[in-house]
Amino acid sequence: MNATVNIGRRLLHLTNLDKVLYPQAGFSKAQVLNYYRRVAPVLLPHLRRRPLTLKRYPGGVDQQFFYEKRCPAHRPKWLPTAAVWSKHNGADIRFCLIEEPAALMWVANLASIELHTYLFQAPRVDRPTMIALDLDPGEGCTIVDCARLGLKLHRRLAAMGLEALAKTSGGKGFHMYVPLNSAGATFEQTKTFARDLAQRLEREDPHRVTSNMRRDLRRGRIFVDWSQNDAHKTTVCVYSLRARARPTVSTPLTWAEVQAAVRRGRPEALTFEAWQVAERIEKRGDLFSQVLTVRQKLP
Amino acid sequence: MPVGRAIWSGSVSFGLVNIPVKLYTAVREEPVRFHMLHDQDKVRLQRRMVCPADQKEVHPEHIVKGYEIAPDQYVVVDQRELDAVLPEKSRNIEITDFVDLASIDPLYYDRSYYLLPDKNAGKAYHLLLQAMQTVGKVGIARLVMRNREYLAAIRPLEGVLALSTMHFGDEVVPASELEQKPAAVEVAQRELQAARQLIDSLAGPFDPRQYHDQYKRRLHELVERKARGEQIVTPPPVSGHKGRPVDLVEALEASLARIKGEDPRPRRATKGAPDARSSSRGSRGKSTRR
């Protein structure tokens with residue numbers, strides 16, 4: 001089913017709405033669009049001025065996907081873009097900027113199930129607005145192990161006077177963000193800071209934590225990925241759907257929830273699907289809003 | 001027969017015989033090459049190494065080699081250290097074994113060359129050539145070329161010796177190590193028979209003249225057409241707005257209604273889904289749902 005719709009003053013042509021994008025869950029493209037429509041008010045501030053990398057699954061989550069950095073030429077005329085220098089291409093790449101509900105519907109209609117964003121806001125491509133730490137469980141570890149390490153990291157950061165927020169990756173991982181939102185920080189500083197944290201955690205518990213990307217060192221350990229603090233790296237945006245068997249979402253968590261999940265040892269308590277996230281937002285608003293508002297400086 | 005100059009010269013030895021030879025490439029690969037031009041004035045561009053820290057050009061004498069052991073952690077090796085582990089320079093191709101051609105799987109072959117006799121080597125060369133033709137064996141040898149050590153197979157071919165460099169045993173991935181090997185499946189005798197008949201109907205001698213690189217041919221055609229001044233255009237993508245505009249929610253609901261069930265929330269148990277929860281009990285229990 002196709003439809004031409006009015007969203008505010010924008011006219012958008014939606015295609016293949018009946019197509020099932022999550023075959024195991026029977027979750028269709030209309031449901032993907034409906035999820036993004038419901039969460040748009042809290043998601044849009046997190047996409048604001050962040051060049052977007054599309055991760056498109058035209059045939060569904062179990063088929064071939066592709067990344068699209070360059071904003072497609074057939075984009076609507078009203079969709080703004082941001083030029084970001086690409087070392088690899090030796091030229092600027094114009095990325096899509098998603099600033100309004102119609103734009104979000106447009107990217108979702110391209111079957112860009114996952115939304116990946118940079119840690120900076122255009123046009124200040126050299127100024128990270130936050131630090132990201134991705135705790136990724138190696139074989140034999142679960143998201144609960146990551147969350148436990150996350151609690152330790154949270155205490156460590158608090159001792160330095162830094163607030164941090166947590167979200168699920170939407171998969172097996174656990175993400176922590178340290179908001180900065182201050183003019184000073186560079187990626188060199190945030191990367192060094194994140195690497196020092198990761199290496200210290202590794203030294204304290206080398207059998208369960210690694211700061212090294214190498215796959216063979218990750219087994220039985222949690223990989224603390226500090227390397228995402230880079231002008232050229234993107235991470236999955238909060239509230240983005242993930243292309244897994246079921247329509248899970250990268251979901252913000254309160255530290256009380258993290259504590260409860262660790263105490264009970266229940267990985268399920270750290271997995272949320274589209275409908276649950278939409279309902280959480282309706283009840284509790286944006287648990288991740290502080291990532292955009294808290295102003296902090298690195299010690 | 002071979003075009004161009006010899007790429008290597010030395011000698012083949014086996015036992016006490018030593019035959020001066022020259023090596024010529026047996027494969028002519030002529031890929032279509034493009035150059036990088038500036039789109040404004042079409043000037044051919046140069047590559048320069050630039051340090052991202054200060055955007056300044058780095059000249060060759062200040063470039064060292066680093067091996068990345070972990071992200072952003074390198075071991076630096078200098079040319080002297082690399083030279084020390086180079087294979088010993090040798091101008092000798094020493095045949096150490098003779099094996100049956102059929103015992104070498106084509107997976108092992110890399111690049112092909114011809115070995116021709118150097119000055120005054122005619123007699124010894126033909127002795128080796130004819131002896132190998134009569135026993136029908138392939139000589140296995142080692143040679144050092146361009147600072148690399150190669151394993152090679154030498155065999156008679158149309159009155160000359162051909163040399164194929166080969167991969168070392170540990171470079172070839174055995175099929176047994178593949179992660180997604182096809183599972184054994186029982187097939188019906190009748191189906192097998194039909195498949196064999198199909199193979200028989202397509203069977204014949206290998207004739208390399210039958211097969212051509214079509215991509216290369218099309219590339220040549222493209223370049224020639226452009227050179228003759230024909231204009232080549234790419235049509236812009238088609239976009240179309242059809243039908244009367246409706247409300248977004250209306251459109252989504254219409255689609256959801258077509259797929260019955262509307263909302264997937266009650267369908268929790270999906271067999272085999274790694275992240276499916278077993279039940280809806282627990283801290284975020286029923287009270288959070290309508």
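Asp126(A) is partly exposed, with a relative accessible area of 35%, where partly exposed lies between buried, under 20%, and exposed, over 50%, computed with a 1.4 Å probe on protein chains only. The model is predicted, so that local features need pLDDT of at least 70 and side-chain atom pairs count only at pLDDT 80 or more, whereas totals for chains, interfaces and linings use all residues. Residues are numbered from 1 along each chain as its sequence is written, chains are lettered from A and ligands numbered from 1 in the order in which they are written, and side-chain values use heavy atoms, with hydrogens and water left out.

**Surroundings of Asp126(A)**

- Asp126(A) belongs to strand β11 (residues 124–128) of chain A; strands (E, at least two residues) and helices (H or I, at least four) are DSSP runs numbered from the N terminus.
- Not counting residues up to four places away in sequence, Asp126(A) touches Ala185(A), Thr186(A) and Phe187(A), contact being heavy atoms within 4.5 Å.
- Phe187(A) is 61 residues from Asp126(A) along the chain, and the C-alpha atoms of the two are separated by 6.7 Å.

**Surroundings of Thr81(A)**

- Thr81(A), which is found in strand β7 (residues 81–86) of chain A, is in contact with Cys71(A), Arg75(A), Arg94(A), Phe95(A) and Leu97(A) when its neighbours within four places in sequence are left aside.
- With the side chain of Arg94(A), the side chain of Thr81(A) makes a polar contact at 2.9 Å, that is, a pair of N or O atoms within 3.5 Å of which, within protein, one must be able to donate a hydrogen and the other to accept it, residues adjacent in sequence counting only if both atoms are side-chain atoms.

**Strand pairing in chain B**

- Strands β7 (residues 138–145) and β8 (residues 148–157) of chain B pair in the antiparallel sense over seven bridges, pairing requiring at least two bridges found by DSSP.
- Arg142(B) has Leu151(B) in β8(B) as its bridge partner, and in the hairpin of β7(B) and β8(B), with two residues between the strands, Arg146(B) takes a positive phi near 45°.
- β8(B) is also joined by seven bridges to strand β9 (residues 160–166) of chain B, the two running antiparallel, and Pro156(B) stands opposite Leu161(B) in β9(B).
- The hairpin of β8(B) and β9(B) has two residues between the strands, and in this hairpin Glu158(B) takes a positive phi near 45°.
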